Amino acid sequence: MRDAATTTSGAWRIDDRTAVTFRDAAVAWSLAAHEVLAECASGYGHFVTVNELAERVQEMSGIRTDAPTRTWMDAILRKVARRCHNAGEPPLTALCVKQNHKVSDSYKYVLELAHLPVPADLEVHAAYARWQCYAAYGAEIPTDGGIPPLIPRNGGAPRRVTAAGPAPVAKPEPEARKAVCVNCFTELPANGVCYYC
(Lines give C-alpha, C1' and ligand atoms only; values in the text may rest on other atoms or scores of the structure.)
Protein backbone atom coordinates (compact mmCIF):
# COMPACT_ATOMS: atom_id res chain seq x y z
CA MET A 1 0.00 0.00 0.00
CA ARG A 2 1.39 3.39 -1.01
CA ASP A 3 1.41 6.33 1.39
CA ALA A 4 -0.97 9.29 1.07
CA ALA A 5 1.64 11.53 -0.61
CA THR A 6 2.13 9.00 -3.36
CA THR A 7 -1.56 8.42 -3.85
CA THR A 8 -2.27 12.11 -4.48
CA SER A 9 0.45 12.44 -7.13
CA GLY A 10 -0.39 9.34 -9.14
CA ALA A 11 3.31 8.64 -9.81
CA TRP A 12 6.05 7.32 -7.53
CA ARG A 13 9.69 6.24 -7.52
CA ILE A 14 10.05 2.48 -7.72
CA ASP A 15 12.99 2.26 -5.32
CA ASP A 16 11.62 4.17 -2.31
CA ARG A 17 7.93 4.70 -3.22
CA THR A 18 8.19 8.50 -2.82
CA ALA A 19 5.68 10.63 -4.70
CA VAL A 20 6.68 12.27 -7.98
CA THR A 21 4.67 15.00 -9.66
CA PHE A 22 3.28 14.08 -13.05
CA ARG A 23 5.26 16.97 -14.53
CA ASP A 24 8.56 15.52 -13.27
CA ALA A 25 7.47 12.02 -14.24
CA ALA A 26 6.60 13.19 -17.77
CA VAL A 27 10.07 14.69 -18.22
CA ALA A 28 11.74 11.45 -17.09
CA TRP A 29 9.40 9.33 -19.23
CA SER A 30 9.93 11.44 -22.35
CA LEU A 31 13.74 11.19 -22.01
CA ALA A 32 13.42 7.42 -21.64
CA ALA A 33 10.95 7.24 -24.55
CA HIS A 34 13.39 9.06 -26.85
CA GLU A 35 16.10 6.58 -25.86
CA VAL A 36 13.85 3.54 -26.43
CA LEU A 37 12.65 4.83 -29.82
CA ALA A 38 16.20 5.70 -30.94
CA GLU A 39 17.28 2.16 -30.01
CA CYS A 40 14.26 0.80 -31.88
CA ALA A 41 15.24 2.84 -34.97
CA SER A 42 18.59 1.06 -35.15
CA GLY A 43 16.86 -2.12 -36.37
CA TYR A 44 15.16 -1.98 -39.76
CA GLY A 45 11.46 -2.79 -39.48
CA HIS A 46 11.45 -2.52 -35.68
CA PHE A 47 8.62 -0.74 -33.88
CA VAL A 48 7.07 -0.66 -30.42
CA THR A 49 3.46 -0.51 -29.26
CA VAL A 50 2.22 2.27 -27.00
CA ASN A 51 1.74 -0.18 -24.12
CA GLU A 52 5.22 -1.67 -24.56
CA LEU A 53 6.73 1.82 -24.63
CA ALA A 54 4.79 2.84 -21.52
CA GLU A 55 6.16 -0.18 -19.65
CA ARG A 56 9.74 0.42 -20.85
CA VAL A 57 9.79 4.12 -19.93
CA GLN A 58 8.54 3.36 -16.42
CA GLU A 59 11.23 0.70 -15.95
CA MET A 60 14.02 2.88 -17.34
CA SER A 61 13.07 6.02 -15.42
CA GLY A 62 12.36 4.21 -12.17
CA ILE A 63 9.05 6.08 -11.94
CA ARG A 64 5.71 4.27 -12.09
CA THR A 65 2.07 5.24 -12.26
CA ASP A 66 -1.19 3.39 -11.97
CA ALA A 67 -2.93 5.89 -14.26
CA PRO A 68 -4.22 4.32 -17.49
CA THR A 69 -1.64 4.52 -20.28
CA ARG A 70 -4.08 6.32 -22.57
CA THR A 71 -4.21 9.25 -20.13
CA TRP A 72 -0.50 10.11 -20.23
CA MET A 73 1.33 8.51 -23.17
CA ASP A 74 0.05 11.05 -25.73
CA ALA A 75 1.78 13.80 -23.75
CA ILE A 76 5.01 11.78 -23.71
CA LEU A 77 4.88 11.14 -27.46
CA ARG A 78 4.24 14.85 -28.09
CA LYS A 79 7.30 15.75 -26.00
CA VAL A 80 9.42 13.30 -28.00
CA ALA A 81 8.03 14.67 -31.29
CA ARG A 82 8.86 18.23 -30.19
CA ARG A 83 12.39 17.21 -29.18
CA CYS A 84 12.98 15.47 -32.52
CA HIS A 85 11.58 18.43 -34.46
CA ASN A 86 13.68 21.00 -32.56
CA ALA A 87 16.84 18.89 -32.97
CA GLY A 88 16.27 18.29 -36.70
CA GLU A 89 15.89 14.54 -36.10
CA PRO A 90 13.41 12.35 -37.96
CA PRO A 91 10.14 11.83 -36.03
CA LEU A 92 10.87 8.85 -33.80
CA THR A 93 7.24 8.75 -32.70
CA ALA A 94 6.44 7.11 -36.05
CA LEU A 95 7.94 3.95 -34.53
CA CYS A 96 5.28 3.83 -31.79
CA VAL A 97 1.98 2.27 -32.81
CA LYS A 98 -1.27 1.18 -31.19
CA GLN A 99 -2.12 -2.49 -30.65
CA ASN A 100 -3.68 -2.59 -34.16
CA HIS A 101 -0.29 -1.46 -35.55
CA LYS A 102 -1.56 1.94 -36.69
CA VAL A 103 -0.07 5.20 -35.49
CA SER A 104 -2.09 6.99 -32.85
CA ASP A 105 -3.74 10.36 -33.30
CA SER A 106 -0.80 11.92 -31.47
CA TYR A 107 1.29 11.26 -34.61
CA LYS A 108 -0.56 14.16 -36.25
CA TYR A 109 1.44 16.43 -33.94
CA VAL A 110 4.53 15.63 -36.06
CA LEU A 111 2.73 17.19 -39.03
CA GLU A 112 1.54 20.13 -36.95
CA LEU A 113 5.11 20.89 -35.85
CA ALA A 114 6.26 20.84 -39.48
CA HIS A 115 3.26 22.96 -40.60
CA LEU A 116 2.12 20.19 -42.94
CA PRO A 117 -1.46 19.17 -43.73
CA VAL A 118 -2.70 15.80 -42.47
CA PRO A 119 -2.48 13.45 -45.48
CA ALA A 120 -5.32 11.20 -46.60
CA ASP A 121 -3.27 8.16 -45.56
CA LEU A 122 -1.46 8.84 -42.31
CA GLU A 123 0.00 5.31 -42.32
CA VAL A 124 1.92 5.96 -45.53
CA HIS A 125 3.32 9.19 -44.12
CA ALA A 126 4.37 7.33 -40.97
CA ALA A 127 6.01 4.61 -43.09
CA TYR A 128 8.20 7.22 -44.77
CA ALA A 129 8.99 8.76 -41.39
CA ARG A 130 10.00 5.32 -40.04
CA TRP A 131 12.26 4.82 -43.05
CA GLN A 132 13.94 8.16 -42.24
CA CYS A 133 14.42 7.00 -38.64
CA TYR A 134 15.98 3.71 -39.72
CA ALA A 135 18.34 5.51 -42.11
CA ALA A 136 19.31 8.15 -39.53
CA TYR A 137 19.96 5.68 -36.72
CA GLY A 138 22.10 3.27 -38.72
CA ALA A 139 19.69 0.41 -39.35
CA GLU A 140 20.77 -1.92 -42.11
CA ILE A 141 18.42 -0.87 -44.90
CA PRO A 142 17.69 -3.67 -47.40
CA THR A 143 19.02 -3.20 -50.90
CA ASP A 144 15.45 -2.66 -52.12
CA GLY A 145 14.82 -0.31 -49.19
CA GLY A 146 13.84 2.60 -51.40
CA ILE A 147 10.23 1.81 -50.53
CA PRO A 148 9.41 2.37 -46.84
CA PRO A 149 7.78 -0.49 -44.95
CA LEU A 150 4.31 -0.35 -43.50
CA ILE A 151 3.92 -2.20 -40.22
CA PRO A 152 2.14 -5.54 -40.68
CA ARG A 153 -1.26 -5.67 -39.01
CA ASN A 154 -1.18 -9.38 -38.10
CA GLY A 155 2.46 -10.39 -37.93
CA GLY A 156 4.73 -11.34 -40.77
CA ALA A 157 7.16 -9.24 -42.73
CA PRO A 158 6.66 -5.48 -43.01
CA ARG A 159 4.34 -4.46 -45.84
CA ARG A 160 5.71 -2.10 -48.44
CA VAL A 161 4.21 1.16 -49.60
CA THR A 162 2.68 0.63 -53.03
CA ALA A 163 2.23 2.98 -55.94
CA ALA A 164 -0.89 4.28 -54.20
CA GLY A 165 1.42 6.06 -51.76
CA PRO A 166 3.67 9.00 -52.51
CA ALA A 167 6.57 8.27 -54.79
CA PRO A 168 9.84 7.72 -52.98
CA VAL A 169 12.25 10.61 -53.24
CA ALA A 170 15.16 9.49 -55.38
CA LYS A 171 18.53 10.66 -54.16
CA PRO A 172 20.58 12.13 -57.00
CA GLU A 173 23.78 10.36 -57.86
CA PRO A 174 26.78 12.38 -56.69
CA GLU A 175 28.49 14.10 -59.57
CA ALA A 176 32.01 13.05 -60.34
CA ARG A 177 34.46 15.65 -59.11
CA LYS A 178 35.97 17.61 -61.93
CA ALA A 179 39.63 18.48 -62.00
CA VAL A 180 40.53 21.97 -60.81
CA CYS A 181 43.64 24.08 -61.17
CA VAL A 182 45.92 23.78 -58.16
CA ASN A 183 46.74 27.51 -58.32
CA CYS A 184 43.40 29.30 -58.98
CA PHE A 185 40.93 26.46 -58.24
CA THR A 186 38.93 26.96 -61.44
CA GLU A 187 37.57 23.94 -63.23
CA LEU A 188 39.97 22.61 -65.83
CA PRO A 189 38.91 21.90 -69.42
CA ALA A 190 39.13 18.38 -70.82
CA ASN A 191 42.79 18.85 -71.86
CA GLY A 192 43.78 19.64 -68.24
CA VAL A 193 45.44 22.97 -69.05
CA CYS A 194 44.39 26.07 -67.07
CA TYR A 195 43.92 29.07 -69.34
CA TYR A 196 43.84 31.54 -66.42
CA CYS A 197 47.24 30.83 -64.92
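In which loop is Ser104 found? Ser104 lies in the loop between β5 (96-97) and α5 (108-113), where helices (H or I, at least four residues) and strands (E, at least two) are DSSP runs numbered from the N terminus. The model is predicted, with local features requiring pLDDT of at least 70 and side-chain atom pairs counted only at pLDDT 80 or more, while totals for chains, interfaces and linings use all residues. Residues are numbered from 1 along each chain as its sequence is written, and side-chain values use heavy atoms, with hydrogens and water left out.

Ser104 counts as buried at 10% relative accessibility (buried, under 20% relative accessible area; exposed, over 50%; partly exposed, in between; 1.4 Å probe, protein chains only). Its side chain makes a polar contact of 2.7 Å with the side chain of Ser106; such a contact is a pair of N or O atoms within 3.5 Å, and within protein one must be able to donate a hydrogen and the other to accept it, residues adjacent in sequence counting only if both atoms are side-chain atoms. Leaving aside neighbours within four places in sequence, Ser104 is in contact (heavy atoms within 4.5 Å) with Asp74, Leu77 and Lys98.

Rings of Phe, Tyr and Trp (its six-membered ring) pair if their centres lie within 6.5 Å, with planes under 30 degrees apart stacked, over 60 edge-to-face and the rest tilted. By this rule there are three aromatic pairs. Phe22 and Trp29 form an edge-to-face pair, 5.8 Å centre to centre with 75° between the planes. Phe22 is partly exposed at 31% relative accessibility, whereas Trp29 is buried at 0%. Phe22, Trp29 and Trp72 form one aromatic cluster.
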